[in-house]
Amino acid sequence: MANEQLIKALHDCMAACNHCFDACLNEDDVKMMANCIRLDRECSEICGYLEGALSRNSPVVQELAEACAKICDACAAECKQHDHDHCQKCADACAKCAEACRQVA
């Protein structure tokens, strides 16, 4: 499958964002994590949507991949600011996914 690498990156990113989102809710200062939580949700949603769009052979894959790359970049930048292990792993997954999206966009 032509988009196999992108689908794996999307899936890994979605899983990392969902884990980060959940872990952030358990941090002592949840308010400080609000932007991270918000971007985790947005990123997870767009990755899941793009994964589905690829499997449907959607005519707007390029546009979705472009938007997904932007959201992944924003999530990676936010997560990178936090020292928590789950944030650092999320940042890495988001950066990889953004790069994979740019190859399709």
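Visitor: What should I know before I start?

Guide: The model is predicted, so local features need pLDDT of at least 70 and side-chain atom pairs count only at pLDDT 80 or more, while totals for chains, interfaces and linings use all residues. Residues are numbered from 1 along each chain as its sequence is written, and side-chain values use heavy atoms, with hydrogens and water left out.

Visitor: Which residues of α1 are buried?

Guide: Buried means under 20% relative accessible area, exposed over 50%, partly exposed in between (1.4 Å probe, protein chains only). In α1 the buried residues include Leu6, Ile7, Leu10, Met14 and Cys17. The buried residues of α1 pack against α2 (34-55), α3 (61-80) and α4 (85-104).

Visitor: How do α1 and α4 pack?

Guide: Two packed helices are described by the angle between their axes and the distance between the axes. Axes are lines fitted to C-alpha atoms over the stretch in contact, with angles from 0 to 180 degrees between N-to-C directions. The α1 and α4 axes come within 8 Å and cross at roughly 150°. That makes α1 roughly antiparallel to α4 (over 145 degrees). Contact means heavy atoms within 4.5 Å. Among the residues making this one are Leu6, Cys13 and Cys20 of α1 and Cys90, Cys97 and Val104 of α4. The contact residues divide into 17 nonpolar, two polar and one charged. Here Ala, Val, Leu, Ile, Met, Phe, Trp, Tyr, Cys and Pro count as nonpolar, Asp, Glu, Lys and Arg as charged, and the others, Gly among them, as polar.

Visitor: What about α3 and α4?

Guide: Their axes are 8 Å apart, at an angle of about 155°. These two helices are therefore roughly antiparallel to each other. Their contact includes Val61, Cys72 and Lys80 of α3, and Cys87, Cys94 and Arg102 of α4. Its residues divide into 17 nonpolar, two polar and three charged.

Visitor: Where is Asn57, and what is its phi?

Guide: Most residues other than glycine have a negative phi. Asn57 has a positive phi, near 55°. Asn57 lies in the loop between α2 and α3.

Visitor: Is Asn57 buried or exposed?

Guide: Asn57 counts as exposed, because its relative accessibility is 66%.

Notes. Helix = DSSP H or I, 4+ residues; strand = E, 2+ residues; numbered from the N terminus. Parallel < 35°, antiparallel > 145°, perpendicular 65-115°, else oblique.
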